[in-house]
Amino acid sequence: MEIDVFTLFPGAFAWFEAQRHVANALSLGHALAYVNYRDHTPLGAGQVDDAPFGGGAGMVLRVDVVEAALRARYRVDPVELRGRRRVLALTPGGRLLDDALVDELAREPALTLLCGRYEGFDQRILDHLTSGEVSIGRYVLAGGELAAMVVCDAVLRKLPGALGDERSALEESFSEALDGAPEYPHYTRPAQYRGWPVPEVLLSGHHARIREWRLEQARARTPPGPLP
Ligand SMILES: C[S@@+](CC[C@H](N)C(=O)[O-])C[C@H]1O[C@@H](n2cnc3c(N)ncnc32)[C@H](O)[C@@H]1O
């Protein structure tokens, strides 16, 4: 898979790239590249944003700047590009990222993620230059970089070979293997701790009973409500 991230802060991804599963994916031939809008702006002095028409706080990422960056990278009209490649803008109001969407994205050969900053994107970028919007939650971050890392993290760990043990990605919270339920509880050593017992079945060595217990536990777990 080839993922291109358009951002004003490519340096923000250095830590992310060093994470084991990301490094594994890259060493297997998957690619993560960054395009800095500022490197391609047709405007003077590295300008990428402007004041909103109609007034109001903040600055808006310009459509001509984003188009220039997309054209520089792909050498085609971005309006056509979005028919051939998923070009996704990170926005607070976009389609909420969940396991189903991650699976969908992990099946793509290539993805383009556009990070916004400041007040966000000129609406014409979303209307004409992208194929969709993705949100990592109904709250507002200062920029799309963390959201892009969340998307890349979730997608890359689904790719064969990215995780140390392939089974980790198959049976975990919200996966088909657990009928979309949160994962069952895990326990490790010590088996005895402050009188808090590990469920007997997990110490039994009886694999069929353990499996059955785990599925029951997963089904019984509903996503948590408000924090106390
Ligand atoms: C300060 S936010 C802009 C918020 C925008 N004015 C609004 O009220 O929806 C700047 C950028 O951060 C990114 N961003 C913020 N929150 C996000 C979220 N929950 N999911 C995805 N991207 C987010 C987007 O790329 C956005 O353009």
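This is a predicted model: local features need pLDDT of at least 70, side-chain atom pairs count only at pLDDT 80 or more; totals for chains, interfaces and linings use all residues.
**View 1. Residues around the ligand.** The shell around the ligand holds 20 residues, and those that come nearest are Leu90, Gly116, Glu119, Tyr139 and Leu141. By class, eleven of the shell residues are nonpolar, seven are polar and two are charged. Strand 5 (86-96), strand 7 (132-135) and helix 8 (144-156) each give at least two residues to this shell. Strand 5 has the largest share, with three residues.

**View 2. Polar contacts between the ligand and the backbone.** A polar backbone atom of Gly137 lies 2.9 Å from a nitrogen atom of the ligand. A backbone N or O atom of Leu141 is likewise 2.9 Å from a ligand nitrogen atom. At Gly144, a backbone N or O atom is 3.4 Å from an oxygen atom of the ligand. The ligand taken alone exposes 580 Å², of which the protein buries 82%.

**View 3. The largest pocket.** Strand 5, helix 7 (123-129), strand 7 and helix 8 each contribute at least two residues to the lining. Twelve lining residues are nonpolar, eight polar and three charged.

**View 4. The second largest pocket.** Strand 4 (60-61) and helix 4 (63-74) are the elements that supply two or more residues to its lining. Among the lining residues are Asp50, Phe53, Arg62, Asp122 and Arg124. The lining divides into six nonpolar, no polar and five charged residues.

Terms used
Residues are numbered from 1 along each chain as its sequence is written. Side-chain values use heavy atoms; hydrogens and water are left out. A residue is near a molecule or strand if one of its heavy atoms lies within 4 Å of it. A polar contact is a pair of N or O atoms within 3.5 Å; within protein, one must be able to donate a hydrogen and the other to accept it, and residues adjacent in sequence count only if both atoms are side-chain atoms. Accessible areas come from the Shrake-Rupley method with a 1.4 Å probe; for residues, only the protein chains shown count as cover. Helices (H or I, at least four residues) and strands (E, at least two) are DSSP runs, numbered from the N terminus. Ala, Val, Leu, Ile, Met, Phe, Trp, Tyr, Cys and Pro count as nonpolar, Asp, Glu, Lys and Arg as charged, and the others, Gly among them, as polar. On a 1 Å grid over the protein atoms alone, a cavity is a set of points where a 1.4 Å probe fits but cannot get out, and a pocket is an open set with protein on both sides within 12 Å along at least five of seven lines; lining residues have an atom within 4 Å of a point.
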